[in-house]
Structure formats: C-alpha cells, structure tokens
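Please keep the sequence and the structure at hand while reading.

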Amino acid sequence: MTAEPAQTLLQTATGDALYAPPVVLRVRHHGKRPPLWISATSIGLSLLALLPLGFIGVIAFETGWATVSELVFRPRVGELLLNTLALVLLTIPLCIVLGVAMAWLTERTQLPGRRTWSLLATAPLAVPAFVHSYAWVSLAPSLHGLPAAVLVSVLAYFPFLYLPIAASLRRLDPAIEDVGESLGLKPWAVFRRVVLPQLRLPICGGALLVGLHLLAEYGLYAMIRFDTFTTAIFDQFQSSFNGPAANMLAGVLALCCLGLLTLESSLRGNARYARVGAGSSRQPRMQRLSVRGKSLALVLPICLSVLALGVPLITLGNWLIAGGADAWNGAKILDALQQTLLLAGVGALLTTCAAIPVAWLSVRAPGPLQRLLESCNYIASSLPGIVVALALVTVTIEFARPIYQTVVTVLLAYLLMFLPRALVSLRAGIAQAPVELENIARSLGRSPAQALWRVTLKLAAPSAAAGAAMVFLGITNELTATLLLAPSGTRTLATGFWAMTSEIDYAAAAPYALLMVLLSLPLTALLYYQSKRTAGR
Amino acid sequence: MSLNTSSLVNNALFCAMLLATSVVYADDGIVVYNAQHESLTQAWVNGFTQETGIKVTLRNGDDSEMANQIVQEGSASPADVFLTENSPSMILVDKAGLFAPVAPSTLSQVESPYRPAHGTWVGIAARSTVFVYNKDKLSEADLPKSLLDLAQPDWKGRWAASPAGADFQAIVGGLLALKGEAATLEWLKGMKANATPYRGNSTVLKAVNAGQIDSGLIFHYYSFVDQAKTGENSKNTSLFYFKHKDPGAFVSVSGGGVLASSKHQEQAQALLKWITGKQGQAILKDGNSFEYAVGQGAQSNSKLVPLEALDAPSLDTSRLDSKKVVELMTKAGLL
C-alpha cells in the first residue's frame with residue numbers, strides 16, 4: 001500500500017477535505033482526452049467556487065481604495081485580528097497536545113477500556129459547536145471572552161485532530177521505533193524523534209481543519225461573547241445588510257483563511273511516510289502501565305469525556321426536563337426536522353453528484369489543469385459560510401433574481417462549502433476501482449459515461465455514500481448561510497435553535513439541539529468505524 | 001439500455017430541486033419581512049389568518065438588515081409588508097420611495113404622534129428606553145441623571161448594551177436627532193470605553209440580573225416579559241426611566257408599511273389594518289409582548305408605566321437616520 005491512497009482515506013476519516021490533492025496512481029485512461037461534459041462540469045464548478053473571492057475583489061475595487069483603507073485599517077479590525085489570532089494560537093496547540101496524548105493512550109498503551117475511550121473521544125463531533133457553547137453558557141453564565149472561547153473550541157474541535165492522529169499511529173511500523181531504541185534512544189526520545197515526525201501529516205491536516213473552523217464559526221462565539229471576524233461581519237450584516245464594511249471584513253477574513261492554507265502546505269513538507277520492504281509490519285507493542293500508571297492515565301480521558309460530552313448532554317437533559325412536554329411544540333419542530341432532512345438530503349445528493357466529474361478527472365486524467373481546478377474548490381471550501389453567503393446574496397440580487405431567496409441559492413452555497421467533503425471520499429473510491437475494468441467496458445462498446453456509471457461508480461458507491469453523509473452532517477449544522485440565503489419561511493433545526501437561544505429561551509431550544517445531536521450520531525459513528533477500517537482493523 | 005449518465009444525473013437533480021422547492025416554498029399568500037419579535041408577529045398573523053384566510057409567510061431578521069435588503073431588492077422585492085421594531089428602518093425604506101401609501105382608514109386608527117404625517121407607513125407598537133440595574137449593586141442614589149452621563153469616566157465598566165441590535169441603534173438615532181453628530185460621536189466613544197457589549201437585550205438583562213454587570217441600557221419590555229414567565233432573569237433588577245425629555249427617555253415607534261412593489265396590495269393593506277385595529281392592538285395589551293399599544297383609544301398592559309407618564313423628548317420621527325448611526329458606531333469601533 002502506498003502512502004497516498006491511505007492518506008486520502010484518512011482525510012475521509014477526518015470528515016473534511018482540506019489537504020492538498022494527493023498524488024494517485026497514474027494509470028492513464030483508455031480515451032485520449034476526458035469526455036467534454038466532465039471537463040466542462042469541472043471547469044464550471046471551479047469558476048463558481050471562485051465567485052466569493054472574486055466578489056470581494058470586485059467590491060473592494062468598486063468601493064475605492066480610500067474607503068477600503070478606512071474600513072480595513074481601523075482599531076476595531078486590529079482588535080478582531082488580535083482576538084482571532086489569540087484564539088487560533090491557543091486552541092490549535094492545545095488540540096494537538098490533547099489529540100496526540102489521547103491517541104497515544106488509546107492506541108499504544110494498555111489503558112483499561114481503551115476502545116470505549118476512543119469512541120468517546122470521537123463522540124463530541126456529534127454535538128454541534130454552538131450546542132457546546134449553549135451548554136457551557138447555561139452551566140456557567142459568566143463564562144465569556146478568550147478563555148471561555150478557547151475552552152469550548154478545544155472541547156468541540158479536538159476530535160478533528162484525535163481521529164487522524166490515532167489512525168496514523170495505528171499504522172506506523174514499530175520496526176522503525178525498534179531501530180531507534182537499538183541505537184540507544186530513551187523511550188521519550190524515540191517518541192519525539194521517531195514517532196512524532198511520522199505524525200506530521202495528520203497533525204498538520206487536523207490543525208488546518210480546526211483553524212478553519214475557528215475562523216468560520218459564528219454561533220459558538222456569539223453565545224460566549226467573544227468577538228471574531230465572523231461575529232463582527234454578522235453584526236455589520238445586521239446593521240447594514242451587505243454594506244462595504246461587512247464585505248471588507250469578509251475580505252480580511254478570507255485572507256486569514258488563505259494564510260492558514262498556505263502555512264499548512266508549507267509545513268506539511270514533502271517527506272515520504274510510506275513503509276517499504278517485504279511482508280507486513282507487526283503489531284505495535286503496547287506500553288505496559290502499572291496500577292498507579294493506569295489510574296493516572298485514566299484521568300485525562302475521564303476529564304475530557306466529562307467536559308466534552310458530559311456537560312453538553314447533562315445540560316441538554318436538564319433543559320429538556322425543564323421545558324417538559326410544552327417545549328415539544330409538535331408541528332413546529334417536526335416541520336424544522338422535515339426541512340432540515342430535505343435540505344441536507346438534497347444538498348448531499350447534489351454535492352456528491354457534482355463531485356463525480358472532478359473526482360474522476362483527478363484520478364483518471366491528472367494534469368496541471370485538473371490540479372488548478374481542484375485547488376479552486378479547496379480555496380472556496382476554506383471560506384466561512386458568512387463570506388460565501390454575503391457574496392451569493394449580492395450576486396443573486398443583482399444578476400440572478402429568479403434564484404434569489406430560493407432553495408437553488410442555498411443549495412449552491414452548500415455545494416461550494418461542502419464539495420471537498422464529497423470529493424476526497426469519492427476520489428478514494430474511484431482510485432480503488434481498477435481503470436482496466438472501465439477500459440474493458442469501453443472496448444465492449446460502452447460510451448465513456450456508461451462505463452463510468454455502470455462500472456466505476458458502482459465500485460465507488462460506498463465512498464460516495466460516506467462523502468454524502470459528511471455533506472449531510474455539514475448542512476444539518478449549518479447556520480449562517482442558511483439564515484442569509486434560504487427562502488422566506490424556512491426553518492431548519494439550526495436556525496430554529498438559534499432563534500430560541502437568541503431570546504434566551506433555552507428550554508425551547510433544547511428539542512432542536514437534541515434532534516441535531518441525534519441526526520449527527522450515526523454519522524459520527526460512521527467516521528469512527530471508517531477510521532478504524534483505514535488502519536485495517 | 002442506453003441511458004446517458006449526465007442527463008440521468010441532471011434529471012435526478014432537477015427533480016430533487018423541484019421537490020425541495022415545492023415543499024419549502026409552496027405557499028402563495030403574502031410575505032412579511034418581519035423584524036419585530038417573532039412571537040408577537042406570529043400572534044398577529046395567526047389572528048389575521050384565522051379571520052381572513054389569507055396565508056402569511058414570515059421572513060425574520062433585524063430592522064436595519066431587512067431595510068437595507070428591501071432597498072437593494074428595489075422594485076422586485078419579494079416582500080409585501082415590512083414590520084419593524086423601530087422607526088429608523090422604516091425611514092430608510094421610505095426615503096427610497098418604496099412604500100405605497102397606507103390606507104386612510106388604517107392611518108386614522110393610530111394616534112397621531114405614532115405615525116408620520118405623510119402616511120407612507122404607520123406605527124404598530126411602541127417601546128421605551130429604560131435603564132435596568134441590579135438592586136444589590138446600585139441604589140437609587142447612584143443612578144445617572146441623563147443618558148449622557150453614561151459616557152463619563154465614572155461609569156467605566158459599569159453598564160452594558162447590545163450595540164449590534166436595532167433597538168440600541170434606534171436609541172442612538174434619537175440621540176443623534178436631539179444632540180447632533182459631534183456630540184453623538186463623542187458619546188459613542190465614551191460608550192466604547194465604558195460599556196460591555198452583549199448580543200441581544202435579553203442577554204443584557206440576564207447579565208445585569210446575575211450581577212455580572214451593574215446596569216444596562218435596553219427597552220422596557222424585556223423585564224416585563226421575563227417577569228410574566230419565571231422571572232429568573234430579572235428578579236434582582238429594577239427599572240429606571242430617565243423621563244424629563246432626556247435623550248434616554250426616547251420612545252421608539254415600531255412601524256409597518258406596505259411595499260409599493262407588492263403584487264398583493266389588498267391583502268397587504270388588510271394585514272396592516274388588522275394589526276393597528278382593535279384585535280391587533282388588544283394582542284399588545286393581553287398578550288405577553290408588553291409593548292405599548294398605539295391605536296386610537298387602545299389600552300396598553302396595565303403593568304406598564306403609562307406612555308404619557310414617560311415624558312419622552314418630542315422628536316420628528318422622520319429625522320432618525322440609521323445609516324448615519326451605523327457609520328458613527330463603526331467610527332467609534334462599536335461595530
């Protein structure tokens with residue numbers, strides 16, 4: 001097994017797609033050129049993906065430098081920049097330390113019940129970030145500002161690092177560590193000089209994912225009273241719809257995201273992490289723990305589970321009891337559930353279908369054009385929902401009135417935001433479907449489209465389903481783009497939850513939160529089992 | 001079988017979208033851009049629909065957001081009716097010439113101070129500025145004499161507000177109309193130094209009640225709404241009305257208007273008439289919104305300090321300038 005497809009699977013396991021396109025086996029396709037409809041769809045999608053960035057550029061140009069500089073170079077923007085920077089610089093290292101420690105404990109030690117702890121370390125993903133925040137704010141109303149923001153962010157997002165690190169740790173060849181030891185390295189030095197460097201890819205990838213979530217999240221920070229660019233853009237939006245001040249803040253935020261992307265790709269390096277050699281690697285040796293060691297080692301997973309799962313679930317339970325049957329105002333909640341399922345279902349289907357041509361191109365006909373197209377999609381997905389939504393609101397009002405405030409626009413936003421989730425998953429699936437089969441179908445007289453449909457996509461169906469599930473999860477918990485773009489009268493679970501918490505009616509918000517958690521649970525389980533499978537166990 | 005994959009996929013997608021569109025977006029009737037409290041408008045709409053059979057779809061948002069949105073949508077706005085919490089946003093839409101004249105029979109239902117003379121929109125409810133304070137932290141002697149005092153250094157770190165909300169921005173609009181641009185900017189800069197920003201007036205009330213902060217500048221009804229429920233977010237607080245025509249005694253008029261571009265003029269006018277009429281205003285008195293009624297002869301909830309007793313500054317409502325307010329607040333670093 002080469003490192004790259006495995007890495008792709010890992011990306012699937014983390015549920016997001018923000019790694020650079022991996023190199024895949026370059027077996028050329030039967031046809032000389034990819035079919036026109038495939039290239040055309042890919043190019044169209046990439047152009048769409050560039051729309052938000054292009055929009056900010058055009059607005060900046062139209063606004064004129066004097067106003068732009070007045071709006072960008074002011075103390076408030078400095079404040080927001082410092083806040084955002086502090087949040088990122090504190091949260092990411094904490095998440096890395098927690099992720100590595102938990103991964104090591106559950107994968108490399110004889111920690112009692114390590115399977116359960118591993119599942120519990122993944123489970124916080126099923127609780128949407130703003131529900132974490134809701135739980136903490138109702139538990140300790142005085143929580144606010146940077147420390148609170150860091151606390152809640154770490155609890156909500158550390159699984160994004162834990163999952164890929166644990167999966168990689170499971171796959172490492174212990175022979176390399178043996179070599180280190182035989183050369184006289186102490187255990188700690190082996191960990192630092194042999195194991196840790198091999199975890200560089202999952203750490204970088206996971207950290208990028210957490211970083212982008214920190215920049216994009218609105219609900220979590222609005223509730224805990226911590227101002228970031230995203231909350232400030234929303235404030236401006238409330239005060240002026242899509243005025244230049246909101247758009248310029250969005251521009252700065254977009255630059256921050258691009259900065260993170262660049263930083264990650266330069267830190268990732270080009271080292272080779274694949275194992276070469278005959279046979280398979282043996283099972284890694286488990287670190288023995290003394291009784292005292294065991295009880296000490298249990299402190300971390302117990303604390304983490306209490307804080308990241310216990311607090312949200314207990315608070316939610318309390319509010320559900322406090323609200324009683326009255327809070328389950330039947331029709332309203334059922335309607336929100338139905339609309340959420342519909343939007344998420346159609347969105348997931350649409351996004352996965354749209355990902356087919358791009359994924360096929362990247363596996364079967366890689367080249368400079370394809371790489372360019374793919375990076376466009378990655379850049380778009382790194383932009384926060386509020387930025388994408390602001391661009392789409394203005395563009396549809398001005399140039400595409402028939403789709404303004406329709407389901408089409410909100411689905412388009414979902415497509416731009418979540419396409420890479422479907423893409424990585426699907427790409428892995430197509431890469432595993434032998435090109436020879438597709439070629440044989442062609443030689444038996446099938447058209448390229450038929451060959452793709454009847455052979456390759458059938459084989460790639462499980463990965464497509466996993467990708468679709470990931471998109472579904474993203475849409476279920478999406479707040480800002482839905483608020484701005486959805487048709488009048490739309491109420492999803494997320495926007496319903498938000499409307500209730502804005503009025504401090506925490507009890508009425510609880511049913512919405514519970515339903516979101518319940519919807520997310522199976523998908524979180526899927527992520528967990530997929531990351532186990534990646535490691536071949 | 002020779003199915004073309006791309007057309008198959010396209011067809012499937014098209015059907016799916018159509019399905020989604022039809023389910024989420026199926027209704028006719030009128031669309032209300034609603035910046036009022038959702039529960040209040042929902043009560044109005046329920047009563048209206050029950051009586052007339054006209055279906056109403058709400059799009060909920062914030063005053064200024066929706067006013068700017070309507071202006072940008074221009075003559076093709078999907079909105080038929082616009083309801084706000086405060087009048088600056090009505091003025092913004094009015095200035096763009098997007099309102100149709102309100103039916104005279106509706107205008108005559110509303111007391112004259114609560115509607116502009118030219119009759120392109122009408123007041124639907126009113127609310128008063130109030131200074132809410134924690135009884136354990138402040139005594140009556142400590143209270144400010146005027147809204148302007150809150151910008152003084154001795155109030156640093158002692159009061160809260162929700163600067164991103166339209167309610168607070170309406171209060172600043174009143175200040176701007178009474179005291180002018182320079183004084184307002186100066187006051188806002190003092191506020192930036194002194195006040196703790198929260199999101200939403202209910203959050204401010206909750207924080208004051210919990211003693212996280214001494215006091216807050218909000219509208220009157222949040223506390224009454226909470227008292228009517230459990231009182232858990234207001235039991236430690238008291239309300240202080242500035243009165244004496246102080247900028248802090250500002251009474252804000254919630255407005256309603258029919259868009260000139262509406263293709264359902266008759267139904268839209270009917271809704272406005274219903275809201276300002278007997279039944280609509282009775283919902284203000286008997287419901288749990290605790291906003292003031294503005295209809296001719298309509299009573300407000302008896303728990304409220306009567307509107308006449310508030311001694312509000314007399315202000316020409318058409319002078320409230322929301323754009324300028326946002327500009328000044330952005331300049332002061334509050335937004």
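## A covered helix in chain B

The buried residues of H8(B) are Asn201(B), Ser202(B), Thr203(B), Val204(B), Leu205(B), Lys206(B), Ala207(B), Val208(B) and Asn209(B), where a residue is called buried if 20 or more other C-beta atoms lie within 10 Å of its own, exposed if 12 or fewer, and partly exposed in between, with C-beta atoms placed from the backbone. The helix is accordingly described as mostly covered, with 9 of its 9 residues buried. Helices (H or I, at least four residues) and strands (E, at least two) are DSSP runs numbered from the N terminus.

The cover over the buried residues of H8(B) includes strand E5 (122–134), strand E6 (159–161), helix H6 (166–179), strand E8 (215–219), helix H9 (221–228) and strand E9 (237–240) of chain B. Just after H8(B), Gly211(B) adopts a positive phi of about 80°.

## Basis of the model

The model is predicted, and local features need pLDDT of at least 70, side-chain atom pairs count only at pLDDT 80 or more, while totals for chains, interfaces and linings use all residues. Residues are numbered from 1 along each chain as its sequence is written, and chains are lettered from A and ligands numbered from 1 in the order in which they are written.

Chain A has a mean pLDDT of 86, and 92% of its residues reach 70 or more; pLDDT is the predictor's confidence in each residue, from 0 to 100. Within chain A, confidence is lowest in helix H1 (residues 3–14), at a mean of 37, and highest in helix H7 (residues 145–157), at 96. Residues 1–27 of chain A have pLDDT below 50, although this stretch has 75 contacts in the model beyond near neighbours in sequence; two residues are in contact if their C-beta atoms, placed from the backbone, lie within 7 Å. Where pLDDT is low, the predicted coordinates should not be read in detail.

## Overall form and cores

The secondary structure of chain A consists of 24 helices and 0 strands, and its C-alpha atoms fill a box of roughly 65 × 65 × 50 Å along the principal axes. A compact globule of 537 residues would have a radius of gyration near 24 Å, and chain A agrees with this at 24 Å; the radius is taken over C-alpha atoms, and the globule rule is 2.2 Å times the number of residues to the power 0.38. Buried residues account for 55% of the 537 residues in chain A, and among contacts between residues at least 6 apart in sequence, 84% join residues at least 24 apart.

The largest nonpolar core has 181 residues, of which Ala413(A) and Ala513(A) touch the most other members; such a core is a set of buried Ala, Val, Leu, Ile, Met, Phe, Trp, Tyr and Cys residues joined through C-beta atoms within 7 Å. Helix H19 (residues 407–432) of chain A gives the most to this core, with 18 residues. Leaving aside neighbours within four places in sequence, Ala513(A) is in contact with Val131(A), Tyr134(A), Leu316(A) and Phe497(A). A second, separate core of 97 residues includes Met90(B), Leu107(B), Ala166(B) and Ile275(B).

## Contacts between chains and domains

Between the chains, 41 residues of chain B are in contact with 42 residues of chain A. Helix H1 (5–24), strand E2 (56–60), helix H3 (63–73), helix H8 (201–209) and helix H12 (322–331) of chain B each supply at least two residues of the side that touches chain A, and the largest share, 10 residues, comes from H1(B).

Chain B is divided into domain 1 (28–125 + 251–305) and domain 2 (127–250 + 321–331), with bounds from an automatic or database domain assignment. The C-alpha centres of these two domains of chain B lie 26 Å apart, and 20 residues of domain 1 are in contact with 18 residues of domain 2.

## Local backbone features

Arg225(A) has a phi near 55°, a positive value in a residue other than glycine, and lies in the loop between helix H12 (219–223) and helix H13 (229–240) of chain A. Asp311(B), also not a glycine, has a positive phi of about 50° and counts as partly exposed because it has 13 C-beta neighbours inside 10 Å.
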